[in-house]
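Here's a quick briefing to read alongside the model. Have the viewer open and click through the residues as they come up.

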Amino acid sequence: MAEYKIVLPELGEGVIEATLTNWLVNVGDKVEEDDSIAEIATDKVDSDVPTSRDGVVKELLYQPNDVIKVGAVLAILEVEGEVSEEEVSTIVKEETAVSEEIIETVSAPLTTQNSEVNSIESSEDRFYSPLVKNIAKEENISQSELDSIKGSGAKGRVTKDDILDYLKNRGKNKDTKIESVSPKTTPTPRNSQPTTNYTFQSGDDEIIEMDRMRKMIANHMVDSKRISPHVSSFVEADLTKIVNWRNKIKDEFLRKEGEKMTFTPIFIQAVARAIKDYPMINVQVDGDKIIRKKDINIGMAVALPSGNLIVPVIKNADQYSLTGLAKKVNDIANRARNNQLKPDEIKGGTYTVTNIGSFGNVFGTPIINQPQAAILAVGAIVKKPAVIETPEGDVIGIRHKMFLSHSYDHRVVDGALGGMFVKRVGEYLESFNETI
């Protein structure tokens, strides 16, 4: 008999830990390949953890409600035969590196390059992960200063928490002499929000602790504004044809397809078509390189009952018919609001659409969803008087109008491209051909 370790797998982009909600097995139980052994939950999805081997449960290493890092060993099975070297190396890799790897994967697209900072190197005695090196570079921590930080990781390794704790104390030491005469701003490590002590509280104020998802959103938004120089372009589109068509078919569509036809799939279809016309919108930045994405994977911002936002992704959105898009949009929106998304459904996006019109807003300036290069906000559809060109001359009529707000990363998307792209989206909406 051999021991086989079951680890907590990757759970989606940006997720580095999960809460164990329930064990589905007990010590001594027999399990078969693909059997679920545990239920876990994150702020984004609920999921089961399966086993990839037949065996007997020997040990369960956590209790319900424990928070577990991705890559940690959840349980140990006794299995027939031997665990192959490939399986052992995979387990070891997951145990020792996955958490840092996922953090690095989430963080790497947000990393700026600074050639003037001395490079940080690992040695036989001190290993530094890419994430720790990036933080050291951004905070101008020298090699000798980094070497002096006491590490709490395996074999004294400096972890992300170690270097962030050091930065907090480093900032306090530097500002001690001026604290009494001026508000103090602590250093801002990567993936954290700048904080100051300007806040004044009274006895009637309510202090609300951010939940984990809100903290992740906050960090992601701060990083996006810091990394990408945001530029915005706006166009106004006439959606009268679309509004009239939808009013005409929505009841019949619901009867035949069992789905509602909203405006969102129409917007996504227009965006997918415009991306094919302007593929350099569908890019990501990696240092001084531009990665043009082949697939058109459109993220769709969904407001959750908690007030947070999540962005499930429609993979290969350009390959769907309008009916297919309508069903996909309704499905992922409903499952997002009920916390039923799968991990793979919240990663891999190449462009994002957010519908601020559902909140009654006419336009806004959305923040780019890193590592993407652009995001489109669609506003409320509003009736307004407009000049209509006819063969007999111009007339004034009532039209259904909507603003489209396009934010893009000016490092790789210039105003001409960003403006032409959103204009093309508007043109596709105005020339809607009523084909489902």
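What follows is a short tour, from the overall picture down to single residues.

Keep in mind that this is a predicted model. The protein has nine helices and 19 strands. Of its 436 residues, 44% count as buried. If you take the contacts with a separation of 6 or more, 64% of them come from residues 24 or more positions apart.

**Sheets and strand pairing**

- Four strands make up an open sheet in the order β1-β8-β6-β3, and the pairing is antiparallel. The edges belong to β1 (2-7) and β3 (30-31); each has a single partner strand, so one side of each has no neighbour in the sheet.
- For β3, the link to β6 (residues 55-60) consists of two bridges, with the strands running antiparallel.
- As a reminder, strands in a sheet pair through backbone hydrogen bonds, and they can do so parallel or antiparallel.
- How many of the seven residues of β2 (residues 17-23) are buried? Five are, so that strand is mostly covered.
- β2 pairs antiparallel with β7 (residues 67-69) through three bridges, and T19 sits opposite V67 there.
- β2 also runs antiparallel to β4 (residues 36-41), this time joined by four bridges. In that pairing, L20 faces I40.

**Helices and how they pack**

- Which residues of α9 are buried? They are L417, G418, F421, V422, V425, G426 and L429.
- The cover over those buried α9 residues includes the helices α6 (240-257) and α7 (264-277), along with β9 (230-238), β16 (351-355), β17 (374-378) and β19 (393-409).
- α6 also packs against helix α8 (residues 322-337), at an angle of about 70° and with the axes 13 Å apart. That angle makes the two helices roughly perpendicular. On the α6 side the contact is made by W245, F253 and E257, and on the α8 side by L322, T323, A326 and K327.

- A274 belongs to helix α7, and its relative accessibility is 0%, so it counts as buried.
- In sequence, A274 and V425 are 151 residues apart, yet their C-alpha atoms are 5.7 Å from each other in space.
- Setting aside neighbours within four places in sequence, A274 contacts F421, R424, V425 and Y428. Of these, F421 and V425 are among the buried residues of α9.

- N308 lies in the loop between β13 (302-303) and β14 (309-310). Is N308 buried or exposed? Buried, because its relative accessibility is 4%.
- The side chain of N308 makes a polar contact of 3.0 Å with the side chain of R214. Not counting residues up to four places away in sequence, N308 touches D211, M213, R214, I217, V302 and A303.
- R53 is in the loop between β5 (46-50) and β6. With 16% relative accessibility, under the 20% cut-off, R53 counts as buried too.
- A polar atom of the R53 side chain lies 3.2 Å from the backbone oxygen of E80.

**Backbone geometry to look at**

- Most residues other than glycine have a negative phi, and most peptide bonds are trans.
- The peptide bond joining Q370 and P371 is cis, with omega at about 5°. P371 is in the loop between β16 and β17.
- N140 has a positive phi, near 55°. It's in the loop between α2 (130-138) and α3 (143-147), and at 52% relative accessible area N140 is exposed.
- N339 has a positive phi as well, near 55°. Look for it in the loop between α8 and β16; at 24% relative accessible area, N339 is partly exposed.

Notes: Residues are numbered from 1 along each chain as its sequence is written. This is a predicted model: local features need pLDDT of at least 70, side-chain atom pairs count only at pLDDT 80 or more; totals for chains, interfaces and linings use all residues. Side-chain values use heavy atoms; hydrogens and water are left out. Buried means under 20% relative accessible area, exposed over 50%, partly exposed in between (1.4 Å probe, protein chains only). A polar contact is a pair of N or O atoms within 3.5 Å; within protein, one must be able to donate a hydrogen and the other to accept it, and residues adjacent in sequence count only if both atoms are side-chain atoms. Contact means heavy atoms within 4.5 Å. Two strands pair if DSSP finds at least two bridges between them. Axes are lines fitted to C-alpha atoms, for helices over the stretch in contact, and angles run from 0 to 180 degrees between N-to-C directions. Angles under 35 degrees count as roughly parallel, over 145 as roughly antiparallel, 65 to 115 as roughly perpendicular and the rest as oblique.
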